[in-house]
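Thanks, everyone. Please have a look at it first.

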Amino acid sequence: MRSIRQGAVLAAVTVMTAAVTPVAATAAPSSCEPPPRSSAAYDDFVLTYKSQCATKKNYDRTFQDVTASVLVDKRNRLAVTTSTALAGAIASVKVNNKEFISSGGHGAAFQYAFHAWQEGGAATECYNPTQAGTRQDDMGQPPPYHGPSTSALYTMAGSGSSIRTAARPAMFVTLADTKPGWGNCRSADHQDKRVPFTMGLSPYWLQTEIELAPDHDAPTLENVFRAAATITSDDERHDHFSGVFVAYLQPDFTKVFSFSPATGRLSAKPVDSHTSKDPMVRCTDDGRYCLGMYVKSEVLGNKAYYYTMTRPPMDYNGHFGENTIQVTSPSGAMDRGDKVNYETYVVVGDKSRVEDTMTQLHRAFK
């Protein structure tokens, strides 16, 4: 799952200040001019989200990007930004001026994606409702590839230190997209020739909420935000349904760790790919910046799991490489009108702080 990357993914605390504000859409015109593709600055330009370079239009509706922020330890600003161009997906997670999220296209950033298939089949990119939009949304767009999304955004609003969105996700590979998807799949083999598929949309409704301290249920943990979602089916029954909440991280998040609830410690893991029932963390090489995911044990259940993946630059991923961390949640059959709920706690900080915070979360929720 990535538009310019063309793939599918399945597989101690102080008083704080919180605020939610629309992101200003003004900047010098030159700030949105890409540097030469051959320059070292090009990748950073594409992969680091710039609200002033992204559209605020979604169909006939206009939304300003929304940022929720909190002051951690009275000195470090944690800010989370949802994007109109990405139909409410998280385009940016920053601590002060350090960006964690790799954006640049409608298949990257920090978003929800889904697969549904029948018994005897398998998950496919050609039936892949994707929060931010389709891979075609980047075709013909200039860098950093944040033009309009096919996903239909109906609500994106901030209140207190929370952001809420409502949208109909697009199909990542639409009926109008004649190029085969991953595994040489064809959209026409997996999508009926009817509305909403003929509009590039999926027959699902997605509602999300992001809560920074003090709005979430661990309010003393200022370096944590809660991400929750509900997906509702408006399609025929599928025997298998799976949801993914995936973060594409900046290229310097090269280290991978798992957190052991039993010991309260982080352990280094292979960087190529790793599947785990224990929470996962990705860090920069020096350990100064880390992002981890934590799911309550009763929410994770027996089927859901954490997954990290590292892939080098190639045609498949637009020559940018991939450093991802995700929670995959298979949920069995999905019938028309059924709903599936998701909840993840995202932890940021240096390696020691994330390890300590994971321990506190586990003690609070076990």
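Predicted model: local features only at pLDDT ≥ 70, side-chain atom pairs only at ≥ 80, totals over all residues.

Disulfides, then. How many does the structure hold? It holds three. If you number the bonded cysteines along the chain, they pair 1-2, 3-4, 5-6.

The pair C32 and C53 has its sulfur atoms 2.1 Å apart. The torsion about this S-S bond is about -95°, so the disulfide is left-handed. C32 sits in the loop between β1 (18-22) and α1 (41-47), and C53 in the loop between α1 and β2 (57-58), so the bond ties together parts 21 residues apart in sequence. Buried or exposed? C53 has 16% relative accessibility, which puts it under the 20% limit, so it counts as buried. C32, at 23%, counts as partly exposed.

Next, C126 is joined to C185, with an S to S distance of 2.0 Å. Here the torsion is about 80°, so this disulfide is right-handed. C126 is in the loop between β8 and β9 (129-130), while C185 is in the loop between β12 (170-171) and β13, so the parts tied together are 59 residues apart in sequence. Both C126 and C185 are buried.

The remaining pair is C283 and C290, again with S to S at 2.0 Å. Its torsion is about 110°, so it is right-handed. C283 and C290 are both buried.

Now the largest pocket. Its space comes to about 250 Å³. There are 14 lining residues, and those closest to the centre are N76, V95, G349, D350 and R353. Which elements supply at least two residues each to this lining? They are β5 (76-82) and β23 (339-349). The largest share, three residues, comes from β5. Sorted by class, the pocket lining has five nonpolar, four polar and five charged residues.

Last, the largest cavity. Its volume is about 60 Å³. It has 13 lining residues, with I90, Y112, Q131, T208 and I210 nearest its centre. Two or more lining residues come from each of β8 (110-117), β13 (204-212) and β14 (224-233). By class, the cavity lining has eight nonpolar, four polar and one charged.

Technical notes: Residues numbered from 1 in each chain as written. Heavy atoms only, no water. 1 Å grid on protein atoms, 1.4 Å probe; cavity = no way out; pocket = protein on both sides within 12 Å on 5 of 7 lines; lining within 4 Å. Points joined across faces, edges and corners; volume = space filled by probe spheres on them. Helix = DSSP H or I, 4+ residues; strand = E, 2+ residues; numbered from the N terminus. Nonpolar A, V, L, I, M, F, W, Y, C, P; charged D, E, K, R; others polar. Disulfide = S-S within 2.5 Å. Buried < 20%, exposed > 50% of the residue type's maximum accessible area, 1.4 Å probe, protein only.
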